[in-house]
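Please consult the sequence and the coordinates alongside the text.

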Amino acid sequence: MALLEVNTLSVEFGDGPNPFRAVDQVSYSVEKGEVVGIVGESGSGKSVSSLSIMGLIEYPGHVKAEGLTFDGQDLLSMPVKKRRALTGADIAMIFQEPMSSLNPCYTVEFQITEALKIHQGGSKKWRRERAIELLEQVGIPDPTSRLKAYPHQLSGGMSQRVMIAMAIACDPKLLIADEPTTALDVTIQAQIVDLLLELQREKNMGLVLITHDLALVAEAADRVIVMYAGQVVETGPAEEIFSTPRHPYTQALLRSLPESSQGKERLEALPGVVPGAFDRPKGCMLAPRCPYASERCQREVPMVSGDSLRQVRCFTPLDLQGKPAA
Amino acid sequence: MFQFIFKKLMLVVPTFIGITLLTFTLIRLIPGDPIEVMAGERGVSPERHAQLRAELGLDQPLLIQYKDYVVNIFHGDLGKSLITKTPVMEEFASLFPATVELATCAALFAVLVGLPAGIIAAVKRGSIFDHSVMTFSLTGYSMPIFWWALLLMLVFSVNLGWTPVSGRLDVTYWIDEVTGFMLIDTLLSGEEGAFASALHHLVLPSIVLGTIPMAVIARMTRSSMLEVLSEDYIRTARSKGMAPLRVIVVHALRNALIPVITVIGLQVGILLSGAILTETIFAWPGIGKWLIESIARRDYPVVQGGIMMVATIIIVVNLIVDILYGVVNPRIRHNK
């Protein structure tokens, strides 16, 4: 049984007859101890889908799903209190902007021990010791004196380390990292990713790594989910996705990497932008930007095809040579 | 910290010079002088008038008068009332508790109603409660104090008879003045019903005086709270799985209070200036009523000294607010 099972999850914003679907019938699963990378451009629904797993979608957002199970428990039908007991303890999340994700009014100690206090209780002394231990684990030097620090006294990398310490405080089974390195310097990025992967192996956590950094995913993830305009367009083992992409969007993403344009004058790019709330195409979401789009792609919505290991949402998936199947 | 306070105090010097100049000139620009006012309709002969002016020191050139005034201030002397001949300081001290009592109750009303109203309006934004709070606070803010006072008086004192019309205490009680605060004095006196009577008398003036600050605090709290609630760290707090109430009280409110505290501090000025109208309407024997009466009597030293004292209080309160600000906001504390 998978640790996390997401079955046709949709997140809609707004009431009325035409709410905006930020996440459109997404299905995937995460096994215990597995690293899953979710990639896609900005606005493709990566963050929103993970926020909905955390139960952090607020009005006017609505979460719908045929199934959303974590560790065998149905997240959507369970009482709110029980769900809160899971959130922050068994499922934890770290965010994109570490500097603004910490509360400026409270010390590092307060913010780390708070999660412990809510979910595990224990004496104040125990929580303090645990906080020091956690700061050590995330590689913060001189943790005892850092406990008294306020967020504005920390650098971006330090803040993200504190965020990670907070997230792993209750030994979560699943950690969702929403673009954990986007706001950081390149050198710090590598350190943070190494730290995350190290902790993941050590604790055998499931890790969902949301990013638009394809190199990072190639290096870290066991499996990759490619999202576009709120839909999953391709899933599969990381190596296969990178060696033989089957969806034109995945192919375009890979071609836009500087590495694949070596010796050329210009970088390859996929023209256009992700469709927003008011310019959704009728057929395939990618049709207006897809170099292979046929008339059928403009009209009809393609369904997901393939086995559970490798799925693609396209009428004419690409073959091994990167050409659309006839 | 010391440096911070010192810097703030240095900024106060030009303010005080401005206050002395303004009060000194403005009160003398009003036609008539204290002697004419005292003489009333009977009038006074020119010889007697000149003699009295000399006695009061009003025959000196203005510059000399101003110099004497400022020199006396440096000696801690605000002069004597031209009418009652008691030192301004003494009169101020005896009337000040009444104003403080009223202003404190008004501030309590403003904070205790305005703060929760603003918080709930922000959390339940777009709800009927939110809209009513915003409408009510806009109305309260725009309402002229004197009209609002008369309206409340008419409804609650005259028609419903729930509250007394004016004064601090029923005439049936005679209370020894110990602290000058009626609520405390009536409690100390042990006289039955006196405390209730004092409280009764405080209700309407406090509401009238507290309405504008309440409206300002409610609106400020709401907008500050709305801003904070959309911050990333609120999402972090929620991702820890804590109860929504804890997110609001522990994580949002503390941050939202930072600008609200400044605004509450600024309300002290509004409370003291509003007290002038409120005290006059409710016949409340405090600083406001005293100042209005002394202007009518052209009691120059009282007007000058009284305004000086009020200004000092406002400046001191703002200084305290600046210091408090650092207590709530760690970023300021460490940047000193």
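Q: In what order do the eight strands of the open sheet in chain A stand?
A: In this predicted model, the sheet is open and its pairing is mixed. The twist from one strand to the next averages 20 degrees. The order of the eight strands in chain A is β7-β8-β9-β3-β10-β11-β13-β12.

Q: Which strands of chain A stand at the edges of this sheet?
A: An edge strand has a single partner, so one of its sides is left without a neighbour in the sheet. The strands of chain A for which this holds are β7 (91-94) and β12 (304-306).

Q: In which sense do β8 and β9 of chain A pair?
A: Strand β8 of chain A covers residues 174-178, and strand β9 of chain A covers residues 206-211. A:Ala177 stands opposite A:Leu209 of β9(A). Five bridges join the two strands, and the sense of their pairing is parallel.

Q: What angle does the direction of helix α7 of chain A make with that of β7(A)?
A: Helix α1 (residues 46-54) of chain A packs on the sheet, where its contacts include β3 (35-39) and β10 (223-228) of chain A, and its direction makes about 150 degrees with that of β8(A). Helix α7(A) also packs on the sheet, touching β7 and β8 of chain A. For α7(A) and β7(A), the angle is about 175 degrees.

Q: Which residues does A:Ala167 touch, not counting residues up to four places away in sequence?
A: With residues up to four places away in sequence left out, A:Ala167 touches A:Ala92, A:Met93, A:Ile94, A:Pro172 and A:Leu175.

Q: Which residue with a positive phi follows α4(A)?
A: The phi of this residue is near 70 degrees. The residue that follows α4(A) is A:Gly121.

Q: How many helices are there in chain B?
A: Chain B has zero strands, and its C-alpha trace spans about 85 × 55 × 40 Å along its principal axes. Buried residues make up 34% of its 336 residues. The number of helices in chain B is 14.

Q: Which helix gives the most to the side of chain B that touches chain A?
A: In the contact between the chains, 17 residues of chain B meet 23 residues of chain A. The side of chain B comprises four nonpolar, six polar and seven charged residues. Helices α10 (232-239), α11 (244-281) and α14 (330-334) of chain B each supply at least two residues. With seven residues, the helix that gives the most is α10(B).

Methods:
Residues numbered from 1 in each chain as written. Chains lettered and ligands numbered in written order. Predicted model: local features only at pLDDT ≥ 70, side-chain atom pairs only at ≥ 80, totals over all residues. Contact = placed C-beta atoms within 7 Å. Helix = DSSP H or I, 4+ residues; strand = E, 2+ residues; numbered from the N terminus. Nonpolar A, V, L, I, M, F, W, Y, C, P; charged D, E, K, R; others polar. Pairing = 2+ DSSP bridges. Axes fitted to C-alpha atoms, helices over the stretch in contact; angles between N-to-C directions. Buried ≥ 20, exposed ≤ 12 C-beta atoms within 10 Å, placed from the backbone.
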